[in-house]
Amino acid sequence: MDITLMLLAGFSLLLFLLVIELVRRSRLKEKYAILWLCAALVMTAFSFSRELLHSAAQLLGIKYPPSLLFLIGLLFLVIINIHFSVVISQLTDKNKTLAQELALLREDISRKDLRQER
Amino acid sequence: MKILIIIPAYNEALNIGAVIEDINTNGIDADILVIDDGSCDATSVVARGKGATVLRLPFNMGIGAAVQSGYKYAERGGYDVAVQFDGDGQHRADQLEALLLPLRQGEADVVIGSRFLNEGCYEAEIHRYAAIRLLAWIISCCIRQRITDPTSGFRAINRNAITFFSRYYPDDYPEPETIVLLRKAGFRTLEIPVFMKQRKIGSSSITLLRGVYYMGKVLLAIGIDMFKKVSRR
C-alpha cells in the first residue's frame with residue numbers, strides 16, 4: 001500500500017468516525033449524515049482495497065488509480081452541495097410561511113383585543 | 001363585492017399616509033391593508049393612524065412574500081377582489097374604478113393596469129424602457145397574448161386568482177412571472193390603460209447592475225415555468 005492510499009484511507013476513516021460522533025452528540029441530524037457516511041464508506045473501501053481501486057480505475061481509463069478517489073470525493077461533494085441547496089430552499093420557504101403566518105396572527109389578535117375593549 | 005386593497009410598503013412612512021388618503025377620497029368601497037415589510041421607520045404607525053389595517057412582517061422579506069401575505073389575508077377574509085397598489089405613491093386611486101370594471105363584469109380573472117397602452121403617456125429612462133419592452137415581447141410570445149407592461153404592480157384579481165396566489169407566489173420580482181403562471185393555470189388576464197404618476201428621476205430602486213440581475217432572474221424563472229405543471233387548485 002503506497003503512501004497516498006494510506007493517507008486517503010486514514011482520512012476516509014476519520015471522516016466516517018467524525019460524522020458518527022457528530023450524530024451521537026446530536027450535533028448533526030441522521031438525515032444529513034447519510035450522504036457523508038456514504039461518501040466516507042465508498043472512499044474507505046476504495047482506499048483499503050488496492051485490487052478494487054486499480055480494476056475500477058482501469059475500467060474507467062484512469063492512468064493514476066488514486067485520482068479515482070479524488071474524483072469520487074469531488075462527485076460526492078457536488079451531490080452533497082446540491083442536497084444542501086435544496087434543503088436551504090425548503091427552509092427559506094418554510095421560514096417565509098412562518099413569518100406570514102405570524103403577521104396574520106398578530107393582526108388577528110390585535111383585532112380581537114380591539115373588539116374586547118369596546 | 002368585498003374588495004381589499006393591498007399596499008406593500010417598505011420604509012414608506014413619508015408616502016403611505018398620502019397613498020391611503022388618495023384611496024379614501026376617491027370613494028372606493030374597499031378595505032385597505034398595508035403590508036409593512038419589516039420597515040425601520042414609522043410606516044405601520046402612520047398607516048394605522050390613517051385607519052388602514054396593517055400586517056407587520058417580522059423582518060424584510062421582499063415584495064413577493066409581502067404581497068402574498070396580503071393575498072393570504074384576502075383569502076381568509078373571504079374577499080371577492082384583491083387589488084395590489086404601490087405604497088410609494090406611483091399608482092393613482094382615480095384609476096381604481098377602471099381597473100375593477102372588468103372584474104365586476106366578469107370579463108377577466110386578473111386585470112393589469114398598463115402604463116404603455118396610452119401612447120406616449122409615460123416616460124422612463126431608455127435602458128429601463130428597453131428592458132420592459134423586451135420582457136413584454138418575450139412574455140407575449142410565451143403566453144400568446146399581447147402584454148405591454150409586465151412589470152406593472154397595479155393589478156386587481158378575483159377570488160379564484162386570490163386562492164391561486166395565496167398558495168404560490170414568486171419571491172422576488174414576481175410581477176412578470178405571475179403573468180406566465182396565471183396563463184398556465186388557465187386564468188384570463190386583461191390589460192387596461194392606466195395613468196401613473198411619473199417617478200422622479202433617480203429615485204428608482206433598480207440600478208443598471210440590478211437591472212441585469214432582474215432580467216436574468218425573471219427570464220430564468222419564466223423559462224422554467226414554461227415546463228412547469230401549474231394547477232389551479
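Reader: Which side chain does Glu177(B) meet in a salt bridge?

Author: In this predicted model, the side chain of Glu177(B) pairs with that of Lys217(B), at 3.8 Å from N to O.

Reader: Is Glu177(B) buried or exposed?

Author: Glu177(B) is buried, its relative accessible area being 4%.

Reader: And Asp149(B), what does that one pair with?

Author: Asp149(B) forms a salt bridge with Arg115(B), with 2.8 Å between N and O. This pair links distant parts of the chain, 34 residues apart: Asp149(B) sits in the loop between H5 and strand E6 (155-158) of chain B, and Arg115(B) in the loop between strand E5 (110-114) and H5 of chain B.

Reader: How accessible are those two, Asp149(B) and Arg115(B)?

Author: Asp149(B) has 0% relative accessibility and counts as buried. Arg115(B) is buried as well, at 5%.

Reader: Turning to chain A, which residue forms a salt bridge with Arg111(A)?

Author: The partner is Glu107(A), and the closest N and O atoms lie 3.2 Å apart. Both residues are in helix H4 (residues 66-117) of chain A; they are four residues apart, so about one helical turn separates them.

Reader: Where do they fall on the accessibility scale, Arg111(A) and Glu107(A)?

Author: Arg111(A) is partly exposed, with a relative accessible area of 34%, whereas Glu107(A), at 8%, counts as buried.

Reader: How much area is buried between chain A and chain B?

Author: The buried area is about 1,200 Å², and carbon and sulfur atoms give 54% of it. On the chain A side, the residues losing the most area to chain B are Lys96(A), Gln100(A) and Leu104(A), which together account for 43% of what that side buries.

Reader: How many residues does each chain bring to the contact?

Author: Chain A contributes twelve residues and chain B 16. Nine residue pairs are in polar contact across the interface, both residues of each pair being at pLDDT 80 or more.

Definitions and conventions
Residues are numbered from 1 along each chain as its sequence is written. Chains are lettered from A and ligands numbered from 1 in the order in which they are written. This is a predicted model: local features need pLDDT of at least 70, side-chain atom pairs count only at pLDDT 80 or more; totals for chains, interfaces and linings use all residues. Side-chain values use heavy atoms; hydrogens and water are left out. Contact means heavy atoms within 4.5 Å. Buried area is the accessible area (1.4 Å probe) that two parts lose on being put together, summed over both. A polar contact is a pair of N or O atoms within 3.5 Å; within protein, one must be able to donate a hydrogen and the other to accept it, and residues adjacent in sequence count only if both atoms are side-chain atoms. A salt bridge is a side-chain nitrogen of Lys or Arg within 4 Å of a carboxyl oxygen of Asp or Glu. Helices (H or I, at least four residues) and strands (E, at least two) are DSSP runs, numbered from the N terminus. Buried means under 20% relative accessible area, exposed over 50%, partly exposed in between (1.4 Å probe, protein chains only).
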